[in-house]
Amino acid sequence: MPARSDWRYFDRTLLIAVVALCGIGIAMIYSATANTVDLADYWQRQLIFLGIGLVGLFVVAAIDYRHLELLAQPAYLAFLLSLVAVFLVGTDNNTGARRWLDIGITVVQPTEAGKFALIIFLSWYLSRFQEHLHRISYLLGAVFLLVLPLVLVYVQPDLGMTITYLFIGGVLILVSGVRLWQVALLGGMGLAALPFLWGTLQGYMLERIRIFLDPQSNPDASFNVIQALISIGNGGLWGMGWLNGSQNQLHFLRVRHSDFIFSVIAEELGFVGTTLVLALLFFVIARLVRIADRAQDEFGRLITLGVAALLFFQTAINVGMNMGLAPVTGMTLPFLSYGGSSLVSMLMAVGLAQSVIMRHRTIDFLT
Amino acid sequence: MSLQARHSPRTSFLLYLGLTTVFLVLVARLYQLQVVQGPTFRSAANANRLRRIDLPPPRGVIYDSRGEILARNRPSFGLAIVPEDLPADDLDTPVDERALAIRKLLLLLQADRDPELALELGESLFLFLGRTDFTQTLRRAGIEVTFRVVNVSVAEDTPEGPVVHEVPTIIPDLSRPLPLTGLSALLYRAVELKSQGSALEPVPILERLEREQAFAIAEELYQLPGVQVLEEPVREYPYQEMVSHVLGFLGPIPAGALSLYQERGYTDINEQVGLNGLEFTYQDALRGQPGRKFVEVDILGREVRTVGQPVEPVPGFNLRLSLDIRLQEVMYQALARKAEEVNAPNAVAIAMDPQTGAILGMVSLPGFDNNIFSEGIGEEYLALEQDERRPLINYAIGGLYPPGSTFKLVSATAALAEGVITPFTVIVDNGPIYLPNRFFPDDPEQAQKFVSWNHKLGIVHGPLNVVDAMRLSNDIFFYLIGGGFPNQMQGLGEERLAKWTRLFGFGELTGIDLPGEVAAPVPDDQWKRQRLAESWTTGDSYNMSIGQGYLLATPLQVLVSTAAVANGGQVLQPRLAQELIDAEGQVVWRAEPTVIRELPVSPELLGVVQRGMWAAVNEPGGTAIASQVEGVTVAGKTGTAEFCEWDPEIEDCAYRTEEGNLPFHAWYVAYAPYEDPEIALVVFLYNGGEGSAVAVPVAQEILDAYFNRLRP
């Protein structure tokens with residue numbers, strides 16, 4: 001049942017929505033860095049990253065996603081090996097957490113690319129053994145393959161990334177047609193593991209959780225969280241206008257061009273504008289779910305849902321963090337936050353979904 | 001090869017449902033933050049970015065009667081730290097960002113290379129922190145500070161005249177400038193202390209920077225969040241000690257009076273307010289209304305722009321006095337010269353327009369330079385505080401002395417008005433009189449002897465009328481009109497003496513527009529019973545009618561009584577300020593002469609008293625002949641007041657003469673021209689000696705200058 005690539009099925013609506021988000025992102029980065037001399041060219045850089053990312057998007061879309069099945073196992077293996085390498089010879093890049101590999105020219109963080117390795121590998125596993133998943137051994141196999149990198153990431157320590165992996169993996173396992181009792185069993189196991197995990201939580205993680213639960217407990221550390229809330233509230237219904245947010249322009253808001261870009265949007269565009277931006281983000285995610293619904297095979301469906309889960313999780317956590325609903329983790333807002341690798345990889349992930357939708361028609365008859 | 005996709009409508013539905021739910025939750029939260037709580041956060045954002053800056057109004061200038069500037073404002077530059085705007089210590093990093101910022105500031109100021117600056121910093125921090133904190137902070141920083149004892153010169157009164165002592169005072173030995181680590185620690189401590197209070201308030205660390213130096217630092221300030229160059233006006237008194245008692249000085253609001261000032265609308269506890277003299281009395285008028293503006297600041301506390309319409313400060317009113325600085329200068333010089341000559345520890349001269357009560361000049365010695373208060377409280381101030389002559393007191397209104405024979409104006413007026421004597425009554429001075437003892441009237445041994453000053457010189461004045469008695473300042477005459485003599489003459493007596501003393505303004509404040517005025521109660525029978533548990537005697541009336549005994553008065557009270565004689569019976573309220581003028585030059589307030597009371601005496605009878613004062617200056621044998629001035633007729637009355645300043649150390653009165661007699665204050669009151677008085681004058685020298693020999697020449701010099709040089 002070979003599928004033919006067909007650019008007629010390329011999801012232009014999705015592309016337009018994504019490019020619109022990136023455009024809004026660049027405009028807001030411009031505003032967030034407008035009067036900071038050493039960051040003033042960041043919007044131009046982001047524009048270049050957007051160009052690179054779009055090229056990547058089309059290249060990925062042009063490639064048949066099914067070839068990725070071949071890459072699934074080596075990619076997973078390479079991912080695990082890199083995590084082990086980080087554990088053994090990694091560098092902490094002066095941050096106190098060992099997350100980077102020094103490869104001579106620069107340092108790399110394997111967990112970034114690892115998201116995609118994990119999506120592809122789990123999608124492969126879950127689609128390959130689709131028929132056997134009702135058997136608990138296969139299901140536990142999937143859980144085991146997920147937990148293996150999770151542990152290595154957790155000990156780095158990188159709580160944010162661990163939870164991201166857990167969420168993506170969990171979503172993929174859940175949508176693969178597990179039974180309700182199996183879900184209950186996995187949930188029970190997770191809960192049973194919690195007390196052990198609590199003991200291993202690093203000091204900084206606890207501190208972040210404590211600040212999240214009670215921002216006044218450490219005014220210095222929660223400064224930015226409070227300033228983000230003030231910025232958002234300051235926007236009101238219609239916003240203070242682009243380039244006019246006082247919290248943003250007078251730098252009361254920190255890391256405003258990346259982690260806290262949402263607060264800049266909220267302050268300058270107000271409730272109306274921000275709701276539109278949020279709607280656009282959720283539209284993109286829903287569009288990915290729609291593509292998954294139409295995917296021609298289970299592998300295509302799962303990788304699209306994996307990308308959707310990733311997008312959803314980062315959006316929800318970042319927006320939640322800005323609005324004081326989630327603890328501060330260094331998670332960026334997809335398409336909007338400043339950051340080259342994040343933007344390019346997100347656009348390529350969208351390309352992956354495009355690759356799936358372009359090949360969703362099986363050829364039952366030849367014309 | 002993967003299998004056919006598992007398109008379950010139920011899964012898709014759940015996914016969409018989940019997405020929608022999360023979306024709605026986020027939008028709801030957004031709505032809550034932006035719309036429901038929006039106004040709250042808006043004000044929080046405004047609190048972040050808006051800062052209220054008080055704009056101090058320029059303080060009013062004080063002019064003399066001819067427009068000469070007596071008090072003005074000079075710009076001065078200082079450096080201050082705003083603790084709130086300093087970087088806070090980021091707890092996630094091992095370094096202390098605040099300490100780094102402070103160090104950076106000190107390096108920028110070149111505190112490590114400029115020993116003078118380091119010294120000045122050390123001194124101002126010593127004053128800010130106090131000795132204990134200063135020492136402990138340095139000790140924690142590993143620096144031992146040694147203290148050295150300096151001798152502050154302090155003058156002390158002794159019977160042999162003022163002696164200058166060296167009083168040891170402990171100050172930190174800053175002869176070698178503190179090292180950078182020490183200064184850093186001190187500054188850090190100062191900021192820490194201030195952060196506990198209002199962190200937005202600047203902590204001054206350097207004052208009185210040169211203009212160029214201040215500008216140079218201001219240019220570097222962009223590197224230094226939380227550091228401000230302040231421009232603060234400093235009050236300047238060009239005539240220094242010459243008018244310091246009249247003008248007073250400024251200082252920060254005293255802690256004890258804080259609530260009083262707050263009620264009057266003062267918000268900044270560091271605001272400089274008038275603490276003495278006219279600066280105190282006219283504080284609110286001179287101060288003006290502070291303005292304010294709101295500025296937008298960024299997170300580093302740097303001003304970005306002004307928001308809204310600033311409320312401009314309303315400048316304080318200018319104050320014009322009746323005092324003529326040229327006359328003041330003459331008075332100061334003449335008095336100071338004489339005070340030095342006779343070793344008087346303090347002395348007073350006051351000139352007043354007897355028609356209006358306007359003060360033309362007022363000198364109290366010793367003087368002090370009121371500029372030293374503008375320069376912060378330093379060693380000079382300590383020296384002043386410890387000077388036993390107490391130069392800060394304005395003795396013109398704050399010193400109480402027996403008025404001596406100058407009081408004969410009052411006794412003479414009273415006796416004439418009450419009909420005790422007529423202008424033609426003659427009393428004979430045959431030498432000392434012996435007042436029989438009340439309980440043993442027939443025993444001459446127990447009689448009390450009263451002498452007149454001339455008896456000591458072996459002179460008797462013979463028959464005298466009131467004008468003669470005033471001319472010669474004969475005491476016998478006044479003893480008898482004051483106390484009478486048993487079976488021979490009815491005197492004024494205790495009650496009428498006290499009544500007329502009060503009528504002339506003794507026993508009450510004159511009400512001059514200066515703080516610190518004092519008054520002593522007029523002694524009478526009741527007073528004596530309460531104070532000394534004894535009844536009033538005829539002898540007490542004798543003493544009182546020549547201005548001795550229990551009566552005490554300030555030089556200003558004596559002057560007011562003199563003016564009342566000169567102007568025909570009006571007791572006036574003396575006043576220094578004449579006009580308040582706003583910034584546009586409009587007079588907003590003008591002093592009106594205030595008559596406290598009219599003396600119940602006919603102009604004819606008062607004319608007799610005036611005649612007595614005229615005779616003292618212009619007739620042969622008058623005690624004040626030496627105060628004659630060319631071209632003008634002067635009238636006057638001398639006073640030589642015996643006093644006892646009890647010195648507990650020697651258990652006797654201080655300043656006794658070589659023969660063991662009590663010492664004298666020298667007094668002289670005068671007015672001129674006799675026909676139409678323009679100026680009334682009092683000269684007083686503590687322990688000065690004979691009024692006619694000591695006080696009269698000073699008055700002559702002043703009156704001569706006034707009529708022959710200064711008066712247009």
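A residue is called buried here when its relative accessible area is under 20%, exposed when over 50%, and partly exposed in between (1.4 Å probe, protein chains only). Helices (H or I, at least four residues) and strands (E, at least two) are DSSP runs, numbered from the N terminus. This is a predicted model, in which local features need pLDDT of at least 70, side-chain atom pairs count only at pLDDT 80 or more, and totals for chains, interfaces and linings use all residues. Residues are numbered from 1 along each chain as its sequence is written, chains are lettered from A in the order in which they are written, and side-chain values use heavy atoms, with hydrogens and water left out.

Just after H20(B) comes B:Gly505, with a positive phi of about 100°.

Staying in chain B, look next at strand S14 (residues 359-365): 7 of its 7 residues are buried, so the rest of the structure largely encloses it. Its antiparallel partner is strand S13 (residues 347-352) of chain B, joined to S14(B) by 6 bridges; strands count as paired if DSSP finds at least two bridges between them. Within this pair, B:Ala351 stands opposite B:Gly361. The two strands form a hairpin with 6 residues between them, and B:Gly357 in the turn has a positive phi of about 85°.

Now for chain A and its surface. A:Val84, A:Phe87, A:Leu88, A:Val89, A:Val147, A:Val151 and A:Val155 make up a nonpolar patch with about 620 Å² of accessible area together. Helices H3 (68-89) and H5 (136-154) of chain A each give two or more residues to this patch, and H3(A) has the largest share, with 4 residues. A:Val84 lies in H3(A) and is partly exposed, at a relative accessible area of 34%. A:Phe87 is also in H3(A) and counts as partly exposed at 48% relative accessibility. Beyond its neighbours within four places in sequence, A:Phe87 is in contact (heavy atoms within 4.5 Å) with A:Arg98 and A:Val155.

Finally, how do the chains meet? Contacts link 55 residues of chain A with 37 residues of chain B. The area buried between them is about 4000 Å², of which carbon and sulfur atoms give 66%; this is the accessible area (1.4 Å probe) that two parts lose on being put together, summed over both.

Note on methods
Patches are made of residues with over 30% relative accessible area and no salt bridge: like charges are joined within 9 Å, nonpolar side chains (Val, Leu, Ile, Met, Phe, Trp, Tyr) within 5 Å. Accessible areas come from the Shrake-Rupley method with a 1.4 Å probe; for residues, only the protein chains shown count as cover. A salt bridge is a side-chain nitrogen of Lys or Arg within 4 Å of a carboxyl oxygen of Asp or Glu.
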